[in-house]
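This briefing describes the fold, the packing and selected residues of one protein chain. Please consult the sequence and the model shown here alongside the points that follow.

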Amino acid sequence: MTDRRLWSYKDIAAHIKVQPDTVRSYRKHGLLPPPDHVEGGKPYWYADTIRTWVASRPGNRGRGTG
């Protein structure tokens, strides 16, 4: 099943346990995938997009498996 909820910087930050400004910095430096949706100039990503990105990040050691 696809998770179509849209996440903001704040939601992404909570998911990866960093500050929202850190997520903004990731986007500024091209480390985040492009937004799935932009509303009123604010970017949003689908939860599945972020989960896929987190799984492929350098340094990810398979957290949450086993």
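Among contacts (heavy atoms within 4.5 Å) between residues at least 6 apart in sequence, 50% join residues at least 24 apart. The model is predicted: local features need pLDDT of at least 70, side-chain atom pairs count only at pLDDT 80 or more, and totals for chains, interfaces and linings use all residues. Residues are numbered from 1 along each chain as its sequence is written, and side-chain values use heavy atoms, with hydrogens and water left out.

**Overall architecture**

- The protein chain contains three helices and three strands, taken as DSSP runs numbered from the N terminus (helices: H or I, at least four residues; strands: E, at least two).
- Along the sequence these elements follow the pattern β-α-α-β-β-α.
- Of the 66 residues in the chain, 26% are buried, where buried means under 20% relative accessible area, exposed over 50% and partly exposed in between (1.4 Å probe, protein chains only).
- An unreviewed UniProt entry carries the annotation "domain: HTH merR-type" for residues 10-42; UniProt positions are given in the numbering used here, feature names are shortened, and such annotations may be inferred rather than shown by experiment.
- Over residues 10-42 the chain is 48% helix and 12% strand, with the end C-alpha atoms 12 Å apart.

**The sheet**

- Three strands form an open sheet in the order β1-β3-β2, with antiparallel pairing; two strands pair if DSSP finds at least two bridges between them.
- Because β1 (6-7) and β2 (37-39) stand at the edges with a single partner strand each, one side of each is left without a neighbour in the sheet.
- Two bridges join β1 to β3 (residues 42-46) in the antiparallel sense, and L6 has Y46 of β3 as its bridge partner.
- Helix α3 (residues 47-56) lies across β1 and β3 and runs at about 75 degrees to β3; axes are lines fitted to C-alpha atoms, for helices over the stretch in contact, and angles run from 0 to 180 degrees between N-to-C directions.

- In helix α1 (residues 9-16), the buried residues are Y9, I12, A13 and I16.
- Viewed down the axis of α1, these buried residues fall within an arc of 100 degrees, so they line one face of the helix; the arc is that of the directions from the helix axis to the C-beta atoms.
- The packing partners of the buried α1 residues are β1, α2 (20-28), β3 and α3.
- Exposed residues K10 and A14 sit on the face of α1 turned away from its buried side.
- K17, which follows α1, has a positive phi near 60 degrees.

**Aromatic pairing**

- The structure holds two aromatic pairs, defined for rings of Phe, Tyr and Trp (its six-membered ring) with centres within 6.5 Å; planes under 30 degrees apart count as stacked, over 60 as edge-to-face and the rest as tilted.
- One of these pairs, Y9 with W45, is tilted, at 5.5 Å centre to centre and 50 degrees between the planes.
- This pair links distant parts of the chain, with Y9 in helix α1 and W45 in strand β3, 36 residues apart.
- Y9 is buried with a relative accessible area of 14%, and W45 is buried at 0%.

**P35 in the loop**

- P35 is found in the loop between α2 and β2 and counts as partly exposed at 24% relative accessibility.
- Leaving aside residues up to four places away in sequence, P35 touches R27, P43, Y44 and W45.
- P35 and L6 are 29 residues apart in sequence and 9.8 Å apart in space, C-alpha to C-alpha.
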